[in-house]
Amino acid sequence: MPYVMPPHPAPPGAPPPGARHGGRRSRGVRRFAAVVALATAAALAGPGPAGAAPTGPPTGEARAAAPLERVTSFGANPGGLNMYVYRPAALPADAPVVVALHGCTQSAQVYSDNSGLNTFADRHGFLVVYAETTAANNANKCFNWFQPGDTRRGQGEAASIRQMVAHAATAYGVDTGRVQVTGLSAGGAMTSVMLAAYPDVFAAGAVVAGIPYGCGVDVVSAFGCMSPGTDRTPAAWAQAVRDAHPGFAGPWPRVAIWHGDNDATVAPKNADELRDQWTAVHGLDQTPDRTSTIGPNGTRRSEYLSAGGTSVVEVDRVPGIGHGTPVDPGGGGEQCGATGTQHFIDSICSSHWITRFFGLDGTTTPEPPVDPPTEPAACWTANNYEHVRAGRATTTGGQVYAKGSGRHLGLYNTFVTHTLKESPAGYYALADGACP
């Protein structure tokens, strides 16, 4: 069923009916309050596609060609998660593993059926571990990316996902040096958690329509993280990651960031903040070393390279889509997914490019740019409120400034309109009347 955003949601952080006043509420009550607030705000990543299998344990009938194996015992499981596995028929010894994290109201089976990951697991020989949260954890079946008890190393849901990787190593013989993680929306935000809390476990990750690590620590801050987004310095974002596993000296995971330009649920500026976070962790600046367009829809890719020329951070900005996983239904080499739906959007097969970024498709050398390394300028005309919401500008003291150039744009409201020119990616200059 579709989400409906009520015109007057309850104040963020207000106690649910029946909660007693005063004293310290239990973790369960606080979690329930967060769930209610996030659900009323159309929180991270809406319902599964129409006609998809019901949420809950996969039956094998939803996708007969790709049944999931239920793993009922994989450790202490402090986060109370479910574990499912997709194992290709010809899984080689010491295979890589990809951990996949679904969005809110979804299930392991829904994500398996629609994301396209199993297509590439069959083609390239890797195991997919689908972690699944439950209504007992979160009434909207979101991973609790904003709950400190679930986002710290050794605790809650984060620890359960780590235990799934350990079980996969012993039960399926996967290569613990080639463990990756990806997820959509709440699953994307939880991907950020896993990369920060367990950089010694995950070699790489791909955050789809997600949020930087350390942004949300309660329901009030979670609202702001989602939209309009939270602006911090690269150094501050990086410190949040380093604090998640003090003393870890690297190597840090490689990170791909995917976001739709028209995402109205998780503001696109989160892609910029994720870029700032992980480039700073890797000791890089925020100017891309290589830019290109990829796929059938002209997705804009910016790459940030290590001293050895490896792309350690990548940002993929998908034009014309809202909140969801980009797929490209069909049987071609760069296609994936079932029929495009609201939250698995017919656009570009992100799973193909994520598999390539993870190095699981046999590619051994850095891929050359599809286009010359100068990205075409993009122009955006909108009011100052929309520029801030989309991540093209920031606001301080009621005034708005273009991100990158720092150009003053006037008051933070819907009555002042400007055109901004983006070139290179993430750098916005004022271009009223001068943008093609």
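At what angle do helix 8 (residues 234-244) and helix 9 (residues 269-281) pack, and how many Å apart are their axes? In this predicted model, the two helices pack at an angle of about 70 degrees, and their axes lie 7 Å apart. Because angles of 65 to 115 degrees count as roughly perpendicular, helix 8 is described as roughly perpendicular to helix 9. The crossing of these two helices is right-handed. On the side of helix 8, the contact is made by Pro234, Ala235, Trp237, Ala238, Ala240, Val241 and Arg242, while helix 9 contributes Glu273, Asp276, Gln277, Trp278, Ala280 and Val281. By residue class, the contact of helix 8 with helix 9 comprises 9 nonpolar, 1 polar and 3 charged residues.

The protein in which this pair is found has 436 residues, of which 55% count as buried, and its secondary structure consists of 11 helices and 18 strands. Among the contacts in the protein with a separation of 6 or more, 68% are accounted for by residues 24 or more positions apart.

Helix 5 (residues 156-172) has 17 residues, which should span 24 Å at 1.5 Å a residue, and its end C-alpha atoms are 24 Å apart, so the two values agree. Its buried residues are Gly156, Glu157, Ala158, Ala159, Ser160, Ile161, Met164, Val165, His167, Ala168 and Tyr172. Just after helix 5, glycine 173 adopts a positive phi of about 70 degrees.

Helix 6 (residues 186-197), with 12 residues, reaches 16 Å from its first C-alpha to its last, which is close to the 16 Å expected at 1.5 Å a residue. The buried residues of helix 6 include Met190, Val193, Met194 and Leu195, together with Gly187, Gly188, Thr191 and Ser192.

When residues up to four places away in sequence are not counted, histidine 352 touches Phe120, Gly333 and Glu334.

How values were computed: Residues numbered from 1 in each chain as written. Predicted model: local features only at pLDDT ≥ 70, side-chain atom pairs only at ≥ 80, totals over all residues. Heavy atoms only, no water. Helix = DSSP H or I, 4+ residues; strand = E, 2+ residues; numbered from the N terminus. Expected span 1.5 Å × (residues − 1). Buried < 20%, exposed > 50% of the residue type's maximum accessible area, 1.4 Å probe, protein only. Axes fitted to C-alpha atoms, helices over the stretch in contact; angles between N-to-C directions. Parallel < 35°, antiparallel > 145°, perpendicular 65-115°, else oblique. Left-handed = near helix turned anticlockwise from the far one by under 90°. Contact = heavy atoms within 4.5 Å. Nonpolar A, V, L, I, M, F, W, Y, C, P; charged D, E, K, R; others polar.
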